[in-house]
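Grab a pencil and have a go at these exercises. Try each task yourself before you read its solution.

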Amino acid sequence: MTPAPQHSAPVPGAPVLAASGLTKTYGPSTALAGVDFHVGAGESVAIMGTSGSGKTTLLHCLAGIVAPDSGSVVLRTAQGPLEVTGLNEAGRSRLRREAFGFVFQQGLLLPELTAVENVALPLMLTGVDRGAAEQTAATWLAALGLAGFESRRIGQLSGGQAQRVAIARAQTTGAAVVFADEPTGALDSATSAEVMDALIRSTTERGRSLVVVTHDEAVAARCGRVVRLADGRIVDAVSAR
Ligand code: ADP
Ligand code: MG
């Protein structure tokens with residue numbers, strides 16, 4: 001097996017992830033109609049738009065979950081540019097494990113595992129032994145304000161706490177890019193603000209990149225830049241700060 005690609009040292013200034021001309025149709029519906037997108041090191045970008053505008057499809061194309069019909073997605077790595085769209089399913093799967101982190105609306109945490117076991121799982125999937133993985137996981141839980149909650153099962157946590165466990169889980173492998181799809185969709189507005197701050201801080205303060213899909217203006221306003229989609233096209237991109 002070839003050594004794992006090293007994603008932790010992006011070149012300053014250059015986009016970490018850049019997409020151009022992305023198109024995707026599902027039968028008669030056009031999800032993406034030619035989208036360009038980029039995110040830099042340490043940058044947080046919100047993707048906004050009404051339901052059905054193509055936000056999730058764009059996120060999935062950027063993250064190598066879905067293959068676009070045309071266009072390209074390029075990830076900058078220490079070994080040089082990597083054409084995500086040129087990888088086969090096994091390559092994309094490996095990239096998702098090693099270079100990307102994911103936070104979804106419902107966290108998708110495993111209820112039969114404890115908080116620390118959930119967070120350790122992605123590391124164990126990359127071959128790290130349980131002891132070391134759980135040590136790293138505990139450090140991330142503490143960084144997200146969850147010291148003392150390591151042994152709780154997910155059902156014994158509040159919605160906001162569970163979402164912070166999901167954020168910790170997305171960070172353990174040192175992902176170059178963290179993707180979040182409506183990460184606060186199930187939370188009240190105060191908890192949502194706390195969770196977003198934890199997500200942005202834990203990702204960008206280490207120079208890593210965050211891409212967040214949301215239809216919540218308050219969530220988007222916490223990101224460094226906002227990109228708006230309508231009918232599968234970018235209609236406007238503004239800098240929030
Ligand atoms: P958003 O996340 O902004 O709500 P999506 O990217 O989920 O939008 O969907 C964009 C368009 O593509 C919609 O018309 C949706 O119905 C369609 N679409 C998305 N995923 C699929 C799929 N797996 N099968 C069929 N149609 C899909
Ligand atoms: Mg969606």
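**Exercise 1: a residue in a loop**

Leu 109 touches Asn 118, Ile 154, Ala 162, Val 165, Ala 166 and Arg 169, leaving aside residues up to four places away in sequence; contact here means heavy atoms within 4.5 Å. The model is a predicted one, where local features need pLDDT of at least 70, side-chain atom pairs count only at pLDDT 80 or more, and totals for chains, interfaces and linings use all residues. Residues are numbered from 1 along each chain as its sequence is written, chains are lettered from A and ligands numbered from 1 in the order in which they are written, and side-chain values use heavy atoms, with hydrogens and water left out.

Task: Where does Leu 109 lie, and is Leu 109 buried or exposed?

Solution:
- Step 1. Find the loop between strand 6 (100-104) and helix 3 (115-125): Leu 109 sits there. Helices (H or I, at least four residues) and strands (E, at least two) are DSSP runs, numbered from the N terminus.
- Step 2. Check the accessibility: Leu 109 has 13%, so it's buried (buried is under 20% relative accessible area, exposed over 50%, partly exposed in between, with a 1.4 Å probe and protein chains only).
- Step 3. Look along the chain: Arg 153 is 44 residues away from Leu 109, and their C-alpha atoms are 9.7 Å apart.

**Exercise 2: helix 3 and helix 5**

Task: Why do helix 3 and helix 5 count as roughly parallel?

Solution:
- Step 1. Take the axes: those of helix 3 and helix 5 come within 7 Å and cross at roughly 30 degrees. Axes are lines fitted to C-alpha atoms, for helices over the stretch in contact, and angles run from 0 to 180 degrees between N-to-C directions.
- Step 2. Apply the cut-offs: under 35 degrees is roughly parallel, over 145 roughly antiparallel, 65 to 115 roughly perpendicular and the rest oblique. Helix 3 and helix 5 are therefore roughly parallel.
- Step 3. List who meets whom: Ala 115, Asn 118, Val 119 and Pro 122 of helix 3 meet Val 165, Ala 168 and Arg 169 of helix 5.

**Exercise 3: a buried arginine**

Task: What does the side chain of Arg 92 make a polar contact with?

Solution:
- Step 1. Locate Arg 92 in helix 2 (residues 89-98).
- Step 2. Note that Arg 92 is buried, at 13% relative accessible area.
- Step 3. Spot the partner: the side chain of Glu 89, at 3.2 Å (a polar contact is a pair of N or O atoms within 3.5 Å; within protein, one must be able to donate a hydrogen and the other to accept it, and residues adjacent in sequence count only if both atoms are side-chain atoms).
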